[in-house]
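Subject: Structure for you to look at

Hello,

Please find the structure below, with the sequence. My notes on what turned up in it follow.

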Amino acid sequence: MALADFGHPYAVLRPVRSGNAFEETIEHLLQAIKVGLFPRGQKLPPERDLAEHLGVSRATLREALAELQRAGFLEVRRGRYGGTYILETFGAPSSDPGHLDPRECHDVLIFRAVVEPAAAELAARADLSASARQHLQACLSEVQQADQSTYRTRDARFHIAVAELSRCPSLITAVADTRARVSALLDKIPLLPANLEHSNQQHLAITEAILRGDPVHAKALMADHLEGTASLLRGFLP
């Protein structure tokens, strides 16, 4: 089945633009399913066509498809009519996303995109003591070693640790409150191992930028990291 057989609007399946290729691929595929570009029960187009249209490698696409299969959105069928099919009924995440207010999701993601990159920038500008550096590195180590049952708690602690280095109590409070709101949203979508691995790579890069006193890169890296989370939430939530 060629991609052209599906009709349009193809703008829904727009190319991936940021450094969060895996997360954006998940978002774009789920959005295409939501609007009926890829109807439930039907077979997805060939990987070659999807990867080309999304502007990602076939390895990234396969990783995204595998995670959506594990999350209960897709299934792989063998045989003459084999391929990757969209399930008629999706597996439910841990909570009911239907109770979420889309305006609340938008609000918290926008606010987070303002305060957390600023916190990372200020942390990189600060004259960090040895204990401050050790604290950030300890929080990084904890999130890198976390399993799926503890990951989101330790992830939140890492982000708050970055804000703590800013030495601005109001900003620390804002980041902590925002992270609590984001965590409530994240609890309603599946944990994707590939996303956790990518997030930890980004956590490491953010930490290194802060510790070497590079505020420009620390801010940009944090902004890119947050956009990956936003992509997943936009994809999975209503």
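The axes of helix H5 (residues 130-145) and helix H8 cross at roughly 175 degrees and come within 10 Å of each other. An angle over 145 degrees counts as roughly antiparallel, so H5 and H8 are roughly antiparallel to each other. On the H5 side, the residues that meet H8 are Arg133, Leu136, Gln137, Leu140, Val143 and Gln144. Their partners in H8 are Asn200, His203, Leu204, Thr207, Ile210 and Leu211. By type, the residues of this contact divide into six nonpolar, five polar and one charged. As a general point, an α-helix has 3.6 residues a turn, so residues three or four places apart point the same way.

Please keep in mind that this is a predicted model, and that the values here are computed from it.

Overall picture

The protein chain has nine helices and two strands. Read from the N terminus, the order of elements is α-α-α-β-β-α-α-α-α-α-α. The radius of gyration of the chain is 19 Å, close to the 18 Å that the globule rule gives for 238 residues, so the chain is as compact as a globular protein of that length. Along the principal axes, the C-alpha atoms fill a box of roughly 65 × 35 × 30 Å. Of the 238 residues, 48% count as buried. Among contacts with a separation of 6 or more, 72% are between residues 24 or more positions apart.

Glutamine 202

H8 spans residues 193-211 and also holds glutamine 202. Is this residue buried or exposed? Glutamine 202 has a relative accessible area of 12%; the cut-off for buried is under 20%, so glutamine 202 is buried. What does its side chain make polar contacts with? One partner is the side chain of asparagine 20, at 2.8 Å. Another is the side chain of histidine 225, at 2.7 Å. With neighbours within four places in sequence left aside, glutamine 202 is in contact with Asn20, Asp224 and His225.

Helix H2

Helix H2 covers residues 47-54, and its buried residues are Asp49, Leu50, Ala51 and Leu54. Which helices do they pack against? They pack against helix H1 (21-34) and helix H3 (58-70). Glycine 55 follows H2, and its phi is positive, near 75 degrees.

Helix H4 runs over residues 102-125 and includes alanine 118.

- Alanine 118 has a relative accessible area of 25%, so it is partly exposed.
- Histidine 106 has a relative accessibility of 54%; the cut-off for exposed is over 50%, so histidine 106 counts as exposed. Histidine 106 and alanine 230 are 124 residues apart along the chain, and their C-alpha atoms are separated by 9.3 Å.

If you open the model, glutamine 202 with its side-chain polar contacts to asparagine 20 and histidine 225 can be looked at alongside the H5 and H8 contact.

Regards

Terms used. Residues numbered from 1 in each chain as written. Predicted model: local features only at pLDDT ≥ 70, side-chain atom pairs only at ≥ 80, totals over all residues. Heavy atoms only, no water. Helix = DSSP H or I, 4+ residues; strand = E, 2+ residues; numbered from the N terminus. Buried < 20%, exposed > 50% of the residue type's maximum accessible area, 1.4 Å probe, protein only. Polar contact = N/O pair within 3.5 Å; in protein donor to acceptor, adjacent residues only side chain to side chain. Contact = heavy atoms within 4.5 Å. Axes fitted to C-alpha atoms, helices over the stretch in contact; angles between N-to-C directions. Parallel < 35°, antiparallel > 145°, perpendicular 65-115°, else oblique. Nonpolar A, V, L, I, M, F, W, Y, C, P; charged D, E, K, R; others polar. Rg over C-alpha atoms; globule rule 2.2 N^0.38 Å.
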